[in-house]
Structures are given as structure tokens and as C-alpha cells.
Amino acid sequence: MKKDGLDIKYLAQLAQIHLSSQEEKQLDKDLQNILHFIAIIRRVNTKEVEPTFQVAKDVQMSRPDQKEKSLPREAALQNAPQQKNGYFISKPIGWK
Amino acid sequence: MKSLCQLPLLELRKKLGAKKLSPQELWAECQKAIAEKDGKIHAFLTHILQLQLPAEWQKTELKGIPFAVKDNLSTANLLTTAGSQILKGYRPPYTATVVERLQKAGGVILGKTNCDAFAFGASGENSGYGPTHNPYDLSRVPGGSSSGSAAAVAAGMAVFALGTDTGGSIRQPAAFCGVVGLKPTYGRCSRWGLIAMGSSFDVPGPLTRTVADAAFLLGLMAGYDKRDATSSQTPVENYLAALNGSSVRGLRVGLVEEFFQHGLQPEIKKAVMRVADVLANNGAKLVRVHLPHLEEALAVYYVLVPAEISSNMARYDGIRFGWQSKRGKTAAAVTAFSRAEGFEMEVKRRILTGTYVLSAGYYDAYYLQASRVRTLVIRDFQELFNKVDVLLGPTTPTTAFKLGEKTADPVAMYLSDIFTVPANVAGLPAISLPFGRDQKNLPIGVQLIGNRFQEGEILRVAHFLENYAC
């Protein structure tokens with residue numbers, strides 16, 4: 001852990017990306033620079049300012065809750081690296 | 001003499017309609033241009049050889065005109081990699097709405113164009129398939145992330161192309177390659193089938209040879225799509241008709257002071273001032289205005305977009321589609337190795353940045369704070385648009401830079417987005433118009449930003465300016 005709590009190994013684990021030690025070193029340096037750059041937002045006074053999560057305030061309409069055709073199974077599977085009997089094949093669920 | 005595919009879309013459409021040209025001839029011209037030029041430019045990742053003309057193409061709007069599609073827009077059963085190795089060999093089961101609409105209007109896909117992996121970048125150098133080169137100077141970048149789309153149009157390999165713009169990815173390459181690039185209002189064009197980057201920022205749009213071509217295409221692409229809950233029901237205007245008799249008399253044009261302070265290349269500043277003079281000489285009123293949170297807007301972008309990216313990229317698990325690693329004994333390990341092997345460095349960089357700003361302990365200080373500053377940027381623009389009709393400024397701080405010049409410094413690369421990002425933060429429409437060249441003969445782009453859903457207005461002004469743009 002360093003200044004700003006930047007811990008590349010932990011972030012990589014959260015993001016599910018295996019990093020080589022060289023990449024860890026490089027990304028650690030890059031992220032330090034990026035965090036230094038984005039820190040300028042912290043100087044802005046945002047007391048009583050509501051956050052914006054979506055600029056399209058006028059849209060966001062829900063469509064009627066009607067049953068529609070979904071993607072056919074074959075289409076959903078057509079890009080799977082491994083499949084069998086209409087299912088995706090995966091290694092056992094578990095960490096490490 | 002200009003080759004056929006260097007002519008504006010609307011001119012070709014007229015020739016095709018009058019039977020002075022056949023779609024086969026036009027297709028062959030594009031193929032010839034690709035064969036001659038793309039070995040050096042590398043605009044296309046997938047290139048289609050056989051023309052499949054739509055039935056009754058004579059009755060369609062686009063009459064069989066070929067167009068190029070950025071590779072982060074899904075095309076059914078046609079390779080779609082988004083410029084990333086993790087999607088090598090991926091064939092989507094469906095087509096993006098904007099592409100489908102152009103196909104229904106009689107357009108024919110010529111190929112898929114190179115881009116920064118998942119559209120993360122401003123130079124094209126983050127592509128997992130090697131960079132695209134700028135047709136004006138092969139040692140320079142074409143801009144990004146819609147690199148191949150801009151280069152294909154500039155080099156006369158495609159009549160027009162589709163791109164996507166999350167922080168400038170249509171306008172910046174358009175500026176670097178000397179073509180027109182239109183970023184519509186967020187919600188104006190459906191995002192369905194656009195491989196998600198920053199979902200509250202992304203928008204597809206056209207790259208064209210002329211403003212009228214962009215206006216015509218926007219009319220075909222825009223409009224509500226029930227498959228994208230953020231697509232707007234605001235009626236689609238006849239953008240092309242609105243160009244007729246363009247006058248700028250009485251138009252209030254805002255010149256943002258802050259746009260002239262950020263290491264702006266003198267020749268670009270001169271071009272923008274020349275545009276301002278043209279407008280003023282024709283009866284427009286110039287107003288000096290401020291965008292007090294310009295630098296913060298860029299920082300907001302580089303907090304919120306990586307946050308949205310880290311969430312959007314979670315779908316690449318190495319199991320359902322995309323690259324699967326041979327390593328790992330559990331599903332989670334396979335995922336972590338697949339992402340390690342399939343993602344390019346910039347993709348990893350942005351996912352980790354996003355993961356950081358969303359993680360417990362930093363969420364409030366970064367993600368939430370950035371979302372609040374976003375509100376302030378939107379307010380800044382709202383106030384500006386009470387005083388002016390359009391904003392005028394540069395598209396980029398410099399003209400096209402050299403390949404490799406900024407790859408070692410991600411923050412320097414991010415800074416090249418400073419003039420384009422604010423429109424995305426606020427969801428506004430903007431257009432980049434080529435306006436002269438610098439001393440190295442590289443194209444200069446000037447930018448017009450409009451209020452929400454005022455595409456008609458910026459297109460009208462850009463169309464007026466086009467006549468002065470030599």
C-alpha cells in the first residue's frame with residue numbers, strides 16, 4: 001500500500017486480470033500519474049451539487065413489460081470457445 | 001482527376017439515381033483504392049471483396065453506396081473485434097441499430113475499420129492489430145479511436161464511414177485526417193450493438209467528406225430504438241433540408257476563452273480566428289465566453305469513463321465468447337488468464353483505474369465527486385447556451401502527431417482530448433470541420449458545439465463555413 005492506497009495486486013484481483021510483474025510495475029507507475037492528474041476534481045466545491053449519472057434525463061423510458069423473442073441458443077453459443085449439448089463448458093467454479 | 005470514391009456521397013447518389021454510374025463501378029473503384037493504398041495505411045481490419053447489392057437498390061436512399069464501419073459496431077456474422085485481441089474471431093449474432101438502418105437504406109458494408117482496442121485511445125496505437133497510418137503523412141497517427149474510419153474516408157477508400165465518439169473519437173481523427181466528423185447528442189443515435197465503452201458517453205456518428213453528407217446520414221441513423229433505453233424520442237429533423245439557404249446573420253457564436261490557453265498550436269488558433277472572422281463578416285455576433293471547469297471536465301471524463309469501462313469489460317470472461325486462455329484450473333483463473341492475454345495494455349490500464357475509483361474507500365472521493373463535477377460542467381454549458389447559439393473552438397490542441405510520440409505517457413495522450421471531451425461530459429452534439437492546413441500541410445479541424453438536439457444548427461453553420469475552408 002502506498003500513498004492514495006494504490007495497490008495494483010489487489011486491483012488486479014478485483015478486476016480479474018492476471019498481471020506479470022513487469023506489467024504490475026508499469027501499471028503502478030501509470031496509475032500514480034493518472035491519479036495525480038484526476039485529483040484536480042477534488043479541489044472543486046461540490047457541496048449541495050447533485051451527481052449526474054446519466055445525461056439523457058428526458059429519455060430513460062421503460063418499455064412495456066412484454067415477452068419478446070430472445071437470442072436463439074445456437075446464436076448465443078456461436079462464439080463460445082467450448083460448448084457441449086447446448087451449454088457453455090467451463091472449468092470448475094472456484095478461486096485460484 | 002478525383003477517383004469516384006473521393007466524391008461526396010450526395011453527388012454519387014445523384015449519379016446512381018440518374019444511372020450515370022452503377023453501384024458495381026463504384027464498388028470496384030473502392031476495391032481498387034483499398035488494394036493500392038491500404039497496405040500502407042492499414043485502415044481496414046476486415047475487408048469484403050464481393051458486392052452484395054440489396055434488392056431494388058434503385059429505390060433506396062443510399063443506392064448501394066459502400067461504407068466502412070468501425071470495428072466496435074456489431075455486424076451480424078461479420079468479424080467484429082473492436083480492435084482487441086480478446087475478440088479475435090468474434091462474429092456477433094446481431095447488427096448494431098445504426099448499421100442496420102443504413103443497410104436498410106441501401107448502404108453496403110465495405111469492411112470493418114481499425115480502432116484503438118475497445119475505442120480506448122486518441123491515436124489508433126492501442127489497436128491490438130497494429131496502428132493505422134495517417135494518409136497525409138504515414139509517419140503520423142490518424143487520431144483515434146475511429147482511426148481506420150477517418151483514414152479510409154480521407155484516402156478515398158470509402159465514401160463514408162461510421163465511427164463512435166465517447167470523448168472525441170469521431171471528431172479528433174476527423175480533424176487529423178481532414179474529413180468531417182459529427183458526434184450527435186447523446187441519445188440521438190441508438191447505442192444498441194455498439195460494443196460498450198462508457199455507456200453514459202458513447203454515441204455513434206458519421207465521418208464524411210462534406211457537411212451535407214453528414215446531415216443526410218444523421219437523418220438515416222437517428223431516432224428512437226426500443227432496444228436502447230437511453231435513445232431519445234425527440235423527433236428526427238430533416239437535417240439536409242435545414243442546410244438550404246444557410247445564413248449566419250444574427251447567429252450568436254461563443255468563443256470559449258479557455259480553449260485558447262491549453263498549448264494550442266498557433267496555426268490552429270489562427271484557423272479558429274479565421275472562422276470567427278468569416279462568421280462576423282457575415283453578420284454573426286461573436287461573444288467571448290468562459291468554460292470555467294474545462295480542465296476538471298477532462299479529469300471527470302478520466303474518472304467516470306474508466307469506471308464505466310471497468311464495469312462494461314467484466315463481460316469478457318473467456319468462457320462465453322472471446323479469447324480463452326489455455327492456463328488456469330478454475331473458471332476464475334481461466335478468466336483472469338484470458339483477460340491477461342487478450343486485453344491490450346491500455347485496456348488493462350483503464351479497467352484498473354476504473355476499479356480503483358469505484359472501490360470502497362475511494363468511491364466518494366473519485367466516482368461520486370466526478371459525478372457531481374459533471375453536473376457543474378453541464379450547468380456551465382446551460383449558462384453558455386443562454387447567451388449563444390453555438391460554441392466555436394479548435395477540435396485538437398495540435399495537428400496529427402508522430403506515431404510513438406505519446407505512447408510512453410498515457411496522461412499526455414489523455415490531454416489531447418481536452419477540447420473534445422466536454423461535449424461528451426454534457427452529452428452535447430459537436431462537429432469537426434476541416435479548415436485549412438498547418439505548415440507541414442497537415443489538416444486542421446475546427447469544432448462547433450451545439451445545445452442538446454441542436455444538430456441542425458451546428459450542421460447549418462458548418463455547411464456555411466465549408467465554402468470558406470480552403
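**First stop: helix α4 of chain B**

Select S147(B), G148(B), S149(B), A150(B), A151(B), A152(B), V153(B) and A154(B), which are the buried residues of α4(B); buried here means under 20% relative accessible area, exposed means over 50%, and partly exposed lies in between, with a 1.4 Å probe and protein chains only. Because 8 of the 8 residues of α4(B) are buried, the helix is largely enclosed by the rest of the structure. Helices (H or I, at least four residues) and strands (E, at least two) are DSSP runs, numbered from the N terminus.

Before moving on, note that this is a predicted model, in which local features need pLDDT of at least 70 and side-chain atom pairs count only at pLDDT 80 or more, while totals for chains, interfaces and linings use all residues. Residues are numbered from 1 along each chain as its sequence is written, chains are lettered from A and ligands numbered from 1 in the order in which they are written, and side-chain values use heavy atoms, with hydrogens and water left out.

Just after α4(B), select G156(B), which takes a positive phi of about 70°. Then go to S145(B), in the loop between β3 and α4 of chain B, where the peptide bond from G144(B) to S145(B) is cis, with omega near 10°. Most residues other than glycine have a negative phi, and most peptide bonds are trans.

In the loop between β3 (108–113) and α4 (147–154) of chain B, select N126(B), which is buried with a relative accessible area of 17%. Contact means heavy atoms within 4.5 Å, and, leaving aside neighbours within four places in sequence, N126(B) is in contact with G83(B), D116(B), A117(B), F120(B), G121(B), E344(B) and E346(B).

Next, select A119(B), G121(B), A122(B), G144(B), G167(B), G168(B), S169(B), M197(B), Y301(B), Y302(B), R350(B) and D417(B), which line the largest cavity. A cavity is a set of points, on a 1 Å grid over the protein atoms alone, where a 1.4 Å probe fits but cannot get out, and lining residues have an atom within 4 Å of a point. The largest cavity has a volume of about 60 Å³, a volume being the space filled by probe spheres set on the points, which are joined across faces, edges and corners. By class, its lining has 5 nonpolar, 5 polar and 2 charged residues; Ala, Val, Leu, Ile, Met, Phe, Trp, Tyr, Cys and Pro count as nonpolar, Asp, Glu, Lys and Arg as charged, and the others, Gly among them, as polar.

Select F118(B), L279(B), L459(B) and L465(B), the residues with the most contacts inside the largest nonpolar core, which has 173 residues. Such a core is a set of buried Ala, Val, Leu, Ile, Met, Phe, Trp, Tyr and Cys residues joined through side-chain atoms within 4.5 Å. Helix α8 (residues 294–312) of chain B gives the most to this core, with 12 residues. A second, separate core of 6 residues includes F176(B), A400(B), F401(B) and M413(B).

**Fourth stop: between the chains**

In helix α10 (residues 345–358) of chain B, select I351(B), which is buried with a relative accessible area of 0%. Leaving aside neighbours within four places in sequence, I351(B) is in contact with A15(A), I17(A), I309(B), S310(B), M313(B), R339(B) and F343(B).

Not counting residues up to four places away in sequence, L31(A) touches L6(A), I8(A), L11(A), R349(B), L352(B) and T353(B).

**Last stop: T185(B) and F453(B)**

Return to chain B and select T185(B), in the loop between β5 (180–183) and β6 (204–208), which is buried with a relative accessible area of 0%. Its contacts beyond four places in sequence include R452(B), F453(B) and Q454(B). F453(B) lies in the loop between β11 (443–450) and α14 (455–466) of chain B and is buried, with a relative accessible area of 11%; its phi is near 65°, a positive value in a residue other than glycine.

Notes. On a 1 Å grid over the protein atoms alone, a cavity is a set of points where a 1.4 Å probe fits but cannot get out, and a pocket is an open set with protein on both sides within 12 Å along at least five of seven lines; lining residues have an atom within 4 Å of a point.
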